[in-house]
Amino acid sequence: MQSLDIQNRSATTTSAPQVRQAESPVAKLIDISKCIGCKACQVACMQWNDLRDDIGTNVGVYDNPMDLTDQSWTVMRFSEISKADGSMEWLIRKDGCMHCEDPGCLKACPAPGAIVKYANGIVDFISENCIGCGYCIAGCPFNIPRISDKDNKAYKCSLCSDRVNVGLVPACVKTCPTGAIQFGAKEDMLFRGAKRVNDLKERGFQNAGVYNPQGVGGTHVMYVLQHADKPELYHNLPTDPKISPWVSLWKGIAKPLLALAAGVAVLGAFFHYITRGPKEVDDAKHGG
Amino acid sequence: MTNHWVDIKNTDLILVMGGNAAEAHPCGFKWATEAMEHRKAKLIVVDPRFTRSAALADFYAPIRAGTDIAFLGGVINYLLANGKIHKDYVKAYTNASFLIREEYKHEDGLFSGYNAEKRSYDKASWAYEMGADGYAVVDETLEHPRSVYQLMKAHFSRYTPEMVERICGTPKDKFLKVAEMLGSTSTPDRVGTVLYALGWTQHSHGSENIRTMAMIQLLLGNMGRPGGGVNALRGHANVQGITDQCAYTEVLPGYLSAPTDADENRQKYIEARTPKTLRPNQMNFGQNFAKWHTSQQKAWWGDAATKDNDFAFDYLPKRDGAYDILAIFERMYQGKINGFISQGFNPLAALPNKKKVSAAMSKLKFLVVIEPLRTETSEFWKNFGDENNVKSEDIKTEVIRLPACCFAEDPGTFTNSGRVIQWHWAAAEPPGEGKVDREIIGTLFTKLRAMYAKDGGKAPDPIQKLTWGYINPNHPTAEEILREINGRALVDVVDAKDPTKVLVKAGEQMPGFGLLQADGSTACGNWIYSGVWPQAGNLSMRRDTSDPGNMGNNLMWGFAWPANRRVLYNRANADLAGKPWDPTRPGIRWTGTAWAGIDIPDIAPALGPDSGAGPFIMTGEGVARLFAPGMAEGPFPEHYEPFETPIGTNPLHPKVVSNPAARVFKGDMESFGKSDEFPYVGTTYRLTEHFHFWTKNVQSNAVTQPSPFVEISETLAKMKGIKNGDMVKVRSNRGELKAAAVVTKRIADLECDGKKVYTVGIPIHWGFVGVAKTGYLANNLTPYVADANSQTPEFKAFLVNIEKA
């Protein structure tokens with residue numbers, strides 16, 4: 001259970017527990033050169049997490065659902081690339097939370113305990129604490145969290161923290177038919193990534209590499225890319241992701257105000273509860 | 001598969017052609033990625049589309065749909081012209097050295113013996129020259145002008161790289177690169193494999209597509225070897241099982257050819273199907289035909305099958321013509337069939353030319369649909385707007401739906417593509433009124449039998465006397481049936497050399513097909529499955545992963561037919577002296593006294609290299625056939641255009657354009673379109689997000705691929721003013737469909753015979769029932785014509801036009 005030791009908690013000043021020996025951080029390695037874009041990971045994610053997105057419509061691409069939503073915590077992004085010699089590449093990237101070592105969402109979040117980072121590196125949203133302000137979206141350099149229409153809370157991939165906590169691999173890893181998604185100690189994943197990069201270089205991908213961007217302190221979800229020099233080819237994966245300076249500003253200067261604001265919010269919520277009763281979701285809007 | 005799924009990891013080169021393994025077989029494709037990671041294997045994809053398999057390929061070459069024989073024929077020409085063949089293998093293990101009769105010839109697309117009126121061949125001239133000793137004549141030097149080797153060389157010399165480019169549209173340099181990569185496996189220390197599926201079968205020359213590849217694998221010495229073979233990736237989890245057990249009328253279970261009107265009695269039937277030994281000292285395993293067939297008759301009719309009544313031979317129906325599925329629906333269309341029971345089958349969606357299939361079903365008096373879910377077939381009589389615009393009041397067919405169950409609600413076996421029979425357990429009870437299929441059929445049978453008992457009828461014996469010894473006659477269990485398929489001894493089976501030695505006691509399960517008898521003393525439902533349930537128990541339940549040799553053969557996992565053998569023809573894995581061609585990749589070897597190794601030898605264990613017995617024991621000649629007289633359209637493959645051809649001619653022989661031996665029903669020739677009105681190549685296929693027409697009933701699948709679409713190239717889109725995501729209408733001479741356009745770089749524009757050829761890709765998964773967005777059946781468009789040998793419809797290459805809807 002030590003992986004559930006919280007190392008970092010949004011809008012909180014109390015210190016993290018330190019008694020237990022820290023477990024080595026974990027990571028998921030997504031090897032794009034082994035991914036066949038079958039979307040089994042999307043389905044496994046839906047099934048494990050009890051999510052069912054709407055049945056959409058084809059608008060001219062294989063990406064379905066078209067974007068991440070509160071119900072789709074991971075989606076495949078398909079990019080057709082023309083090469084100079086007239087041939088092409090079809091790059092398929094599994095998109096979702098990167099679980100940054102230095103998570104911008106957590107830094108930006110004003111709601112105490114709505115976003116936590118465990119000792120193993122997983123960044124998790126604790127939904128009951130979420131106030132739906134959307135600051136996590138502003139804080140995220142990868143544009144991942146989505147606010148639900150249903151309950152006005154933010155959602156994203158949890159890296160199956162509930163599974164990892166009991167020694168299971170995330171649902172997407174378990175289901176991946178080609179082993180393109182691997183999970184383990186970050187150190188082991190970096191080693192495996194380096195091996196795959198060597199293989200890709202032998203196959204002619206001179207610029208193959210592991211995507212573990214340092215601008216966010218490295219990530220706990222990493223990619224093996226055939227073209228690590230051009231991450232933008234993969235449906236605009238950021239070349240050098242960084243937390244927005246506004247978030248740092250917010251954390252530095254506005255921090256004293258934060259405590260006050262949060263206190264007011266809690267008090268406000270308390271009075272709201274006393275006077276109006278618990279918030280009820282407007283079911284009619286989501287009926288059918 | 002001649003090999004099996006796990007064995008793909010042992011290869012050096014994977015060709016994916018006539019299939020899309022990554023997309024249609026994602027779980028099995030992992031073995032390709034294993035070979036790439038751990039053996040540095042290379043992956044080649046040849047396809048009209050840049051598929052999800054191509055996304056991982058080391059090399060991709062485009063090809064026009066329906067021209068695979070031209071491409072592969074070009075490869076054969078390349079291999080022969082450049083000496084890239086495994087010569088020792090070819091000489092010893094194929095019929096390259098055999099002489100062919102003088103009368104045989106091929107001229108301008110027609111082989112000797114053609115009858116234009118019947119659209120078929122008299123194959124008398126496609127035969128070996130026979131010597132005075134009664135055996136086929138061979139020339140070990142391969143120099144004789146009438147040797148298969150020389151005839152083959154001459155035949156394929158027309159398939160130059162330039163001709164390949166002209167027919168297939170594959171740029172010459174890309175074709176040569178593929179040929180060179182394949183040629184690299186001609187040395188004994190390198191092995192290549194090929195993974196194919198419906199992209200090769202669904203053509204009017206589908207069987208010949210596969211045969212051409214088999215010839216390449218033989219020339220390269222890749223058959224029978226770990227990491228080699230010709231590997232058919234089957235679509236449904238158990239489609240290999242239904243093929244083996246035989247859900248068709250043309251063959252009996254275990255690929256025993258079914259009798260026809262010409263088979264007057266058992267003796268004539270068996271004689272006609274027992275191959276002659278064509279070379280000295282060959283095993284000619286097919287000579288055991290009488291044992292397999294007699295044991296089957298005993299399994300079916302028990303004590304009622306006796307020597308005196310020809311082992312109930314007359315209880316079998318005798319075919320008076322073709323009864324493949326297209327022939328059945330043609331009869332239905334002509335009003336010659338009253339009733340149809342459709343079980344585990346959605347013919348309205350699965351057969352070509354939906355209009356014709358719908359009209360055929362409208363002529364039935366009754367249609368019984370046994371399915372767990374509603375299907376397009378069960379709802380064919382209902383109007384679903386443009387997607388199924390029928391007049392219900394005009395359809396008199398009574399449709400009866402019997403709710404069945406899904407596979408996970410019923411125990412039994414699956415046989416996978418690698419021929420491994422695996423038991424599966426029921427995970428849940430069928431919901432509502434759903435019943436397992438065996439109970440539905442069992443109850444139907446006992447009722448029919450009771451009606452015959454009460455009312456009599458024509459030929460009651462085959463039904464009245466059928467063996468039906470199940471504990472609950474209305475509901476035979478899967479265990480009872482698998483035991484029956486395996487077979488048992490009816491009296492003690494004794495050693496032929498020592499009759500005092502009892503090999504199998506009366507009533508015991510047979511240990512395998514080796515002891516089946518032709519005298520009625522053994523019963524066996526399907527000889528190739530014999531051994532799956534011996535006296536020791538149900539071997540399909542085995543889940544032992546031990547793997548001596550680390551080659552993935554896993555002999556203790558389930559049971560592979562035949563005889564638990566994992567790689568077919570594995571004698572060819574070793575050289576003439578019995579040593580593996582590649583010692584690092586051993587299959588079986590000759591120990592000095594017997595064949596042994598990490599697989600079950602595909603040859604009699606004591607038949608050593610000195611015996612001269614060849615590795616291809618199912619042929620009378622003991623070797624594999626580069627020249628194959630059994631094929632309908634010629635002993636050598638020849639390129640024929642699809643029946644709807646975008647170039648309107650055959651560059652090899654303009655007078656013979658399409659397969660001259662493919663069957664075309666009256667009226668269907670007129671339903672074919674021409675390229676002036678329908679200039680683009682239509683081709684249908686599957687997507688990884690869906691499974692046929694089933695998963696459109698499942699929300700999570702529907703979320704990932706929600707609604708119908710077709711794929712076109714950027715050039716064609718521009719020409720037609722179609723933007724990505726626009727609704728388009730695709731028409732053929734038989735019907736139309738509407739869908740969203742996916743405009744993509746992944747569909748190549750080709751130039752064939754001086755003409756630009758554009759392709760319209762049509763995924764099949766939508767219909768007018770289910771939770772996904774509804775759509776038109778793709779088979780509104782497809783032509784009613786099929787492969788000349790297997791009668792598999794030509795779904796992969798036809799003509800369409802497209803416009804903005």
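This is a predicted model: local features need pLDDT of at least 70, side-chain atom pairs count only at pLDDT 80 or more; totals for chains, interfaces and linings use all residues.
User: What makes β8(B) and β9(B) count as a pair of strands?

Analyst: Pairing needs at least two bridges between the strands. β8 (residues 192–196) and β9 of chain B have three bridges, in the parallel sense, so they count as paired.

User: Why are β3 and β9 of chain B called edge strands?

Analyst: The open sheet has five strands, in the order β3-β2-β1-β8-β9 (chain B), with parallel pairing. β3 (59–62) and β9 (230–232) each pair on one side only, so they're the edges. On average, neighbouring strands in this sheet are turned by 20 degrees against each other, ignoring direction.

User: What packs on that sheet, and at what angle to β9(B)?

Analyst: That's helix α9 (residues 206–219) of chain B, which touches β8 and β9 of chain B. The direction of α9(B) makes about 145 degrees with that of β9(B).

User: How do you know that domain 2 and domain 3 of chain B touch?

Analyst: Residues count as in contact when their C-beta atoms, placed from the backbone, lie within 7 Å. By that test 19 residues of domain 2 and 21 residues of domain 3 take part, so the two domains of chain B do touch. Their C-alpha centres are 25 Å apart.

User: Which element gives the largest share on the domain 2 side?

Analyst: α15(B), with three residues. By class, that side of domain 2 of chain B has eight charged, seven nonpolar and four polar residues.

Terms used: Residues are numbered from 1 along each chain as its sequence is written. Chains are lettered from A and ligands numbered from 1 in the order in which they are written. Domain bounds come from an automatic or database domain assignment. Helices (H or I, at least four residues) and strands (E, at least two) are DSSP runs, numbered from the N terminus. Ala, Val, Leu, Ile, Met, Phe, Trp, Tyr, Cys and Pro count as nonpolar, Asp, Glu, Lys and Arg as charged, and the others, Gly among them, as polar. Axes are lines fitted to C-alpha atoms, for helices over the stretch in contact, and angles run from 0 to 180 degrees between N-to-C directions.
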